[in-house]
Amino acid sequence: MQYFLNGYRPGDPHVRPPAEGRAEQAGLPEEVDVLIVGTGPAGLLLAAQLSEFPDITTRVVEKADGPLQVGRADGVSCRTVETFETFGLADRMMAEAYWVNETRFWGPRPGGGLQRFGRLQDVRDGLSEFPHLIMNQARLLDFLLEHMQGSPSRLSVDYGLEALGVDVPDENTLPVTVTLRGTEDGVERRVRARYVVGCDGAHSVVRGSIGRRAEGHGADKAWGVMDLLAVTDFPDIRFKATIQTADGGNILLIPREGGYLVRLYVDMGQVEPGVRLTEEDVLARARDVLAPYTLDVHEVAWFSVYRVGHRVTDKFDDVSPEQVGTRRPRVFIAGDACHTHTAKAGQGMNVSMQDTFNLGWKLVQVLQGRSPETLLDTYSAERRVIAQDLIAMDQRWSAAIGGAGRVDSDDPDVVRAAFAEVQRQFIVNGEFTAGMATHYSPSLLTGDDTHLGLATGFPPGRRFHSAPVVRLADARPLQLGHVHRADARWRLYAFADAVDPRESGSRLRALMDVLADDDSPVRRFTPAGWDQDAVLDVRAVVQQSGAELDWVQMHEFLRPRKGRFGLLDHEKVFTPEPGHGRDIFDLRGIDRGRGALVVVRPDQYVAQVLPLDAYAALDDFFAGLLIPQR
């Protein structure tokens with residue numbers, strides 16, 4: 001974390017000085033740049049991103065009278081932890097959360113009772129530097145709210161305001177009007193916004209206002225969910241576990257943070273609409289599934305019953321397919337407003353936040369005049385495919401669990417085969433449940449695999465897979481991916497070729513010469529008066545160790561002056577971490593002879609892998625995305 005760039009300030013460096021006029025958030029204005037409806041994970045992750053830009057007027061409205069206190073989603077995928085690291089929040093999450101290290105599989109014992117059929121490492125080695133976590137959704141949202149309130153915008157939520165409808169005028173230049181009603185005073189008010197983002201759940205008012213449809217099928221099957229403080233002799237109570245019985249009983253057991261709390265997702269089967277299930281009903285079914293093990297409940301911290309089908313909305317913005325290219329999207333939907341599914345895969349909250357992590361930086365670049373409005377067309381195009389993949393995976397996983405739990409046989413081999421399929425599906429879906437299966441297709445934002453041989457570990461369209469490095473200026477070991485912040489900047493990681501970067505024959509040195517030129521993409525697309533790296537943040541990874549190189553010997557472009565004092569940035573150059581199996585060039589398949597330039601989107605997905613001397617290709621790529629500023 002870098003701070004003190006523009007002067008020393010005592011106190012918590014995570015709380016930044018407020019921008020001019022932003023010391024306090026005034027009442028809800030009549031006009032805003034972005035209005036976010038809903039404060040679930042999707043809405044608050046978007047708000048946290050936009051709060052970094054006080055020149056963009058962002059407001060968040062929520063019909064509830066205050067922040068969520070308990071319950072709802074709990075699974076935090078590795079990819080989500082990586083995302084929270086871009087806000088500087090991952091360490092706090094990991095300190096509080098339950099770590100899912102192993103998943104265990106239980107099924108019917110021939111002759112009665114339960115038996116453990118298997119155990120698997122929850123996240124395979126090397127998939128991420130972060131674990132799979134369990135954390136109360138309310139606590140996760142607390143972190144985002146604190147980040148917003150400590151940002152230069154001092155952004156907070158306007159509670160007690162229910163969205164009644166959204167009016168989108170035909171004329172592109174006119175603002176969208178959102179009608180709101182106070183939940184206490186009943187007073188209606190209208191807010192005009194350049195962009196509206198509906199993060200208002202499965203029954204989204206915003207989705208209905210723009211005529212979008214949730215397509216798929218519903219479900220009469222009900223799930224009871226409860227967080228318990230209980231005493232039990234079930235041996236795997238502190239492991240994530242799937243538990244099935246011969247009669248189709250089904251529990252997903254999730255240990256919670258704090259060491260004592262546990263969550264049970266209890267399959268209540270087909271329940272007629274209108275039938276109300278109680279805590280006692282769900283507890284009775286849970287005890288039936290766990291028998292002969294006992295469950296002595298001392299407190300129910302949270303309880304809910306829900307019915308969720310598999311649905312994906314036909315489009316994630318207000319522009320119909322035939323209008324793409326002729327009018328720009330101004331209303332977007334995200335999270336449960338776009339896609340719903342069962343809780344078995346633990347992906348609802350995670351995929352929802354990735355929706356708005358995809359959208360946020362695009363709104364910033366358009367609103368700041370750095371990218372054309374056509375950039376916003378890519379949000380629905382990219383994220384709807386991911387939602388469809390999520391539904392398909394959830395259906396496969398649900399079928400595997402349900403099938404295993406309904407094996408009507410006393411033959412141990414038949415039962416064992418059914419649960420082998422459950423474990424196989426768990427392994428097959430492991431990359432998806434970790435949040436790593438997203439693969440954006442070649443497009444305006446993402447290149448193809450032409451030069452993948454230069455960096456085989458960074459395929460375009462996949463998330464940038466971090467690896468250990470050592471910072472040259474101070475010998476600090478760290479993860480290279482952790483220099484990425486949620487600040488709407490592109491990252492260019494230049495991996496050096498075999499020639500010493502101090503010598504004239506170095507391709508890395510030649511690239512820095514080109515980027516330092518006034519006509520380079522870095523100069524051309526950065527507004528006058530902004531820091532050199534404010535739009536395109538260039539970092540270099542050399543092959544030599546810190547014992548062989550000094551920071552002052554690096555190219556001047558990698559030692560930029562920044563801020564009002566013109567202070568030197570010492571954090572642009574890295575060396576491989578020593579030790580067997582730790583060298584980033586080996587871990588990520590970097591061509592040591594030729595090196596590679598890896599271009600990474602602001603949402604941490606690889607956009608391009610290019611040769612270090614592919615100057616024209618680099619220029620052409622950004623020419624299609626960014627607007628010249630000079």
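**Note on the cores, sheet and ring contacts**

1. The largest nonpolar core has 108 residues, and those with the most contacts inside it are Leu-140, Trp-490 and Phe-622; a nonpolar core is here a set of buried Ala, Val, Leu, Ile, Met, Phe, Trp, Tyr and Cys residues joined through side-chain atoms within 4.5 Å, where buried means under 20% relative accessible area, exposed over 50%, and partly exposed in between, with a 1.4 Å probe and protein chains only. Helix α7 (residues 348-367) supplies the largest share of this core, 9 residues; helices (H or I, at least four residues) and strands (E, at least two) are DSSP runs numbered from the N terminus.

2. The model is a predicted one, in which local features need pLDDT of at least 70 and side-chain atom pairs count only at pLDDT 80 or more, while totals for chains, interfaces and linings use all residues. Residues are numbered from 1 along each chain as its sequence is written, and side-chain values use heavy atoms, with hydrogens and water left out.

3. Leaving aside its neighbours within four places in sequence, Phe-622 is in contact (heavy atoms within 4.5 Å) with Trp-490, Leu-492, Pro-521, Phe-525, Leu-536 and Val-599.

4. An open sheet of mixed pairing is formed by 7 strands in the order β6-β5-β14-β15-β16-β13-β17, two strands being paired if DSSP finds at least two bridges between them. Because β6 (114-121) and β17 (295-306) stand at the edges with a single partner strand each, one side of each is left without a neighbour in the sheet. Within the sheet, β13 (residues 221-232) and β16 (residues 262-270) pair in the antiparallel sense over 7 bridges, and Met-226 has Leu-264 in β16 as its bridge partner.

5. The structure holds 18 aromatic pairs, counted when rings of Phe, Tyr and Trp (its six-membered ring) have centres within 6.5 Å, with planes under 30 degrees apart called stacked, over 60 edge-to-face and the rest tilted. Tyr-3 and Phe-4 form an edge-to-face pair, at 4.7 Å centre to centre and 80 degrees between the planes. The rings of Trp-106 and Phe-234, by contrast, have centres 4.8 Å apart and planes at 50 degrees, so this pair is tilted. Trp-106 lies in strand β5 (residues 102-108) and Phe-234 in the loop between β13 and β14, so the pair ties together parts that are 128 residues apart in sequence. Trp-106 is buried at a relative accessible area of 3%, and Phe-234 is buried at 2%.
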